[in-house]
Amino acid sequence: MPDIVTLDYDMAAHLLLRAGFGHNGRYDRDTGEATEVRDLADLASALGPAGAIDDLMDFNVSRAKGPGNLKGLVDGDFPKLERWWINRMLKKKKGLREKMVLFLHTHFATSGDKVGYSRHMAVQNALFREFAVGDFRELVKRITVDAAMLIWLDVKLNEAAAPNENYARELQELFTLGVYDFAGERNYAQKDVVRAARALSGWTEETSNKIIVEFDIDRHDTGSKVIYAPVLGETPNQDPANEFTIPANYSPPEEEYQFLVDKIFDHVDTEGRPTAARFITRRMWKFFAYEPEVDVGTPRADLTLIDELADVFKNSGYNLGALLRAMFLRTEFYADTTRTIKSPAEYLVGSLRMLRGKLSGEQKNDVGSDTLARMGQELFFPPDVFSWRGNEAWITTQTFLERYEFARNLAATNKGSEIGHDVYDYIDVDENTRQQVVNRFLKLLGPLSVNPATNTTLLSWLGPADPIDLTDDEFVDVKVRGLVNLILTLPHYNTH
Amino acid sequence: MFNRRQFVKASMAASAASAFPSIWWRARQASALEPCETGVNLVIVQLEGGNDGVNTVIPMSNGTGMNYSTYTTLRPYIGIPVSELGPTQVGNDPLHSGQLALHPHMVGLKSLYNSGNLAVILGVHSLDTSLSHEIAELIWYRADPALTVGTGWMGRTIGQLCAGQQAAVAAVDTQSELTPLFAGPNASVLAFDDLGDLGFPVQDTFGSMETGDYKAAFGTIHNNAATTGTTMIQAIGAAGAATVAKVDAYATANEDLAVNLNDLINGDANGSGGFGVVGFPQRFELARGLRTVFALMKGAQPGNVPLGCRIFRVRIGGFDSHSEQGNHIPLATKSIAEKVMDNNDFGELEFHGRLMHRVSSAISAFWQDCVDDGALYKNTVIMTFSEFGRRIEENGNANQNSGTDHGTAAPMFVIGPNAVQSLGPTHVVGGMYGAYPELDQPDDDGNLVIQLDFRDFYAEIINRWLGLSAPTTQSILNGWSYTPQGFLVP
């Protein structure tokens, strides 16, 4: 059975971490458990895992967009927009929604660098929120004529007289199909990019008081376009059934791009599988679980997994919610919790959530545009079209330093300062052994299972022997907070 | 708020493939090299804000062109009179043969020109440019005018030099945040602005007695993780373990060893050459950065164990001289009051001229320290760059308010060992390279037309100084096919 039949405490904690940003830090001192995790596990006992997962995904379509619904947002005020979004990640009960917004932002990597307008980026961000668990194919259509995207990938420059291929290429390469399928064969040829560009021509974007996106028939190439015909030098094994023609004078011309997108989703790869479904599923699994092994030339250990999920995705009409649900029900999702390195957003938001940490003043202002940027993930500013690569790419000398600096500040100070947490929330002053304290925090911040050597090191940090005195303020302030700091810097804590 | 503490943290290596530098270099090094040491040092000096190239290398005569005449016409106030340029005259313009001089306050660099250690590369920029600081800077950092690649050219270079070397620190950026220059696939780069601040990030946080215990615990956990668990865990473990191992060594680097730089920084009321008084550290931003670099190049104390880091970036800001760029006051006539005024970053006297002096005096003092070392001058190259030059014509009303707006091409400097001095075969060939852009033939914005693509400038350094192969160099520069210029000769 590929699907889980139970969802115990540990699995529930992992689910809250991956399908969101971690539990909300509320704690039952008697059981030593995070109450949100316990509630989810209990729900799964009552309704079955599927029921619990449905509850995680039970939220209304949200069109929330920007601080004060953008009324307060001065153009160019990216820090304010970033803080607003991070606040949603920190505070929202159902973490999955903002997690999906983060996935879509990573996927459709559009950078404020080139777009320039924070309002445009906020509108795009709202589009992702609207479609967080919605129809992905429809989202691709909507993003094609999104104002920020029009600027980012030069869609607004693309006209019949002067075609610009940028979006036509990235639409296929990065957003839907990928250059190569799992068998290493090209999915499309240069001709297809050129002709898709012609189909996408004619859109303009203007910003004055409002963002205005319009279709201009005079700039649109109305000729017929033959797309995905096999090309000997590039796509010799292209399935001939992929070929389609957009007739000349397609009517209505402003919907020609939608026809193009529908046809892209019909593309079948050289192994006879639905290309877009496979491509998106692979991306989603990488973001939520781990980088799957599916390519020819590897043992392809995850091929069946990805193909089964891709079928669910396709059959649901490319519904992201359906795909997520299927993903979260797989045993593979829970198998190993150290295969992916947490992104800066996950590290920062998760740590704050799980310790009920507080940010205020300069730290609150800093955390958005600056702290995450220094960790290597400035929201709204992915480094380029290939986006944040994730995993190893998060680790450099400087970015890990920033994590540890942040962790030190969160661990070492109390809530009254600009950043801190209340360590007394999580200890029982009547306890007097080191292992009890260690266990509490390993469970709270994970649960993390460490090997005996690491456990010994954590114990030794607290002291050479038991008993310890948790009523001693200084001991708690130095040693217990130091323990929290050590755990926040564990290699295991940096992965999930 | 806690003080920023920095520590060394190596990054993960993606693959085992690496491009080894030439055998000759490695063979000549006596001591054991750190894994990705090339055997040569490279110091990158960034002039931030857009340096006015036309007042850095200045026309003295027309030659077959119109540069001198145009200069005097378009720069009535900020222009430097030719009567002041004799002492710093360098070579002629390769294009129109007009005589050229360095800014008169660049006495130190002129001396390096005389000894064959300075190459002046004229008219350098990107064809696809921007007049925005941020965008232009990104173009220069990434060596990518189209801005489609998110890594820095030095990040990619280090990625090639250090592939497979998780524990090495390849470069140091002497400011508290890592510049995009170093963004790369597995760039192990340390960034800090104060060597005295270097320490493990929990110094004193949990009580001064606990720091050692904390570091030990951190080190034990990471060393353990480096050999157990998943690939991800091992990678993080290795990086953390390397950090704890390195931090103590780096903290021992001794800035007192940079005698000439310290003399410059701690100068008396007259200063060196009359530029200011003690107690105004902002004047010596570049000198302090180079002092740190020198200390790191000398290595950990005692016994000068090499720290393994060979690539450095320093910076000096203030070049955005839109207004009050200042005219020229000959050194001999400077009053004490004027010298005191020089301490201020903003003022009406010689704003740009003071920057020229700071760049020249800091680099020369650094070079002298390398020479006095007896070894470091033989394998160290310094290169300068700025995100763009400035407008040909001065703005304003030909008075002390005049300045220059954002521009394009500008000269770059490369300083290094000449043929006699160099440890290895590669050496600097002093002289003039590129071409002086024609001041009377501006582009539509009134800016200089570029004469040399900046990627040719970078390529020569990557290929000839750092020893990476031509195909690797080309791939680092996103396919740019480079034309050797000759300021570095293998």
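Two strands are taken to pair if DSSP finds at least two bridges between them. Strands (E, at least two residues) and helices (H or I, at least four) are DSSP runs, numbered from the N terminus. The structure is a predicted model, in which local features need pLDDT of at least 70, side-chain atom pairs count only at pLDDT 80 or more, and totals for chains, interfaces and linings use all residues. Residues are numbered from 1 along each chain as its sequence is written, and chains are lettered from A and ligands numbered from 1 in the order in which they are written.

In chain B, three strands form an open antiparallel sheet in the order β2-β4-β3. Strands β2 (57-59) and β3 (89-92) of chain B are the edges, each pairing on one side only. From one strand to the next, the twist averages 35 degrees; axes are lines fitted to C-alpha atoms, for helices over the stretch in contact, and angles run from 0 to 180 degrees between N-to-C directions. Two bridges link β3(B) to strand β4 (residues 99-102) of chain B in the antiparallel sense. B:Asn92 has B:Gln99 in β4(B) as its bridge partner.

Strand β8 (residues 311-316) of chain B takes part in parallel pairing. Six bridges connect β8(B) with strand β1 (residues 41-47) of chain B in the parallel sense, and B:Val45 has B:Val314 in β8(B) as its bridge partner. Strand β6 (residues 171-173) of chain B also runs parallel to β8(B), joined to it by three bridges. Here B:Asp173 stands opposite B:Arg313 of β8(B). A residue is called buried if 20 or more other C-beta atoms lie within 10 Å of its own, exposed if 12 or fewer, and partly exposed in between, with C-beta atoms placed from the backbone. Five of the six residues of β8(B) are buried, so this strand is largely enclosed by the rest of the structure.

Helix α4 (residues 133-142) of chain B is also largely enclosed by the rest of the structure, because seven of its 10 residues are buried. Among these buried residues are B:Leu138, B:Ile139, B:Trp140 and B:Arg142. The buried residues of α4(B) pack against α5 (153-161), β9 (380-386) and α12 (454-465) of chain B. After α4(B) comes B:Ala143, with a positive phi near 55 degrees.

Chain B as a whole has 13 helices and 14 strands, and 58% of its 490 residues count as buried. Two residues are in contact if their C-beta atoms, placed from the backbone, lie within 7 Å. Of the contacts in chain B between residues at least 6 apart in sequence, 73% join residues at least 24 apart.

Chain A contains 21 helices and eight strands. The radius of gyration of chain A, taken over C-alpha atoms, is 25 Å, close to the 23 Å that the globule rule gives for 496 residues, so chain A is as compact as a globular protein of that length; the rule is 2.2 Å times the number of residues to the power 0.38. Along the principal axes, the C-alpha atoms of chain A fill a box of roughly 85 × 55 × 40 Å. Buried residues make up 52% of the 496 residues in this chain.

Chain A is divided into domain 1 (117-335) and domain 2 (423-488), with bounds that come from an automatic or database domain assignment. The centres of the two domains, taken over C-alpha atoms, are 50 Å apart.

A nonpolar core is a set of buried Ala, Val, Leu, Ile, Met, Phe, Trp, Tyr and Cys residues joined through C-beta atoms within 7 Å. The largest such core has 158 residues, and those with the most contacts inside it include A:Ala12, A:Met327 and A:Phe441. Both domain 1 (117-335) and domain 2 (423-488) of chain A give residues to this core, so the core lies between them. A second, separate core of 117 residues includes B:Ile265, B:Leu286, B:Ile316 and B:Phe413.

A:Gly446 sits in the loop between α19 (434-444) and α20 (452-462) of chain A, and counts as buried because it has 22 C-beta neighbours inside 10 Å. A:Gly446 and A:Gly22 are 424 residues apart in sequence, and 9.0 Å apart in space from C-alpha to C-alpha. A:Phe288 belongs to helix α12 (residues 275-288) of chain A, and its 19 C-beta neighbours inside 10 Å make it partly exposed. Leaving aside residues up to four places away in sequence, A:Phe288 touches A:Arg18 and A:Met327.
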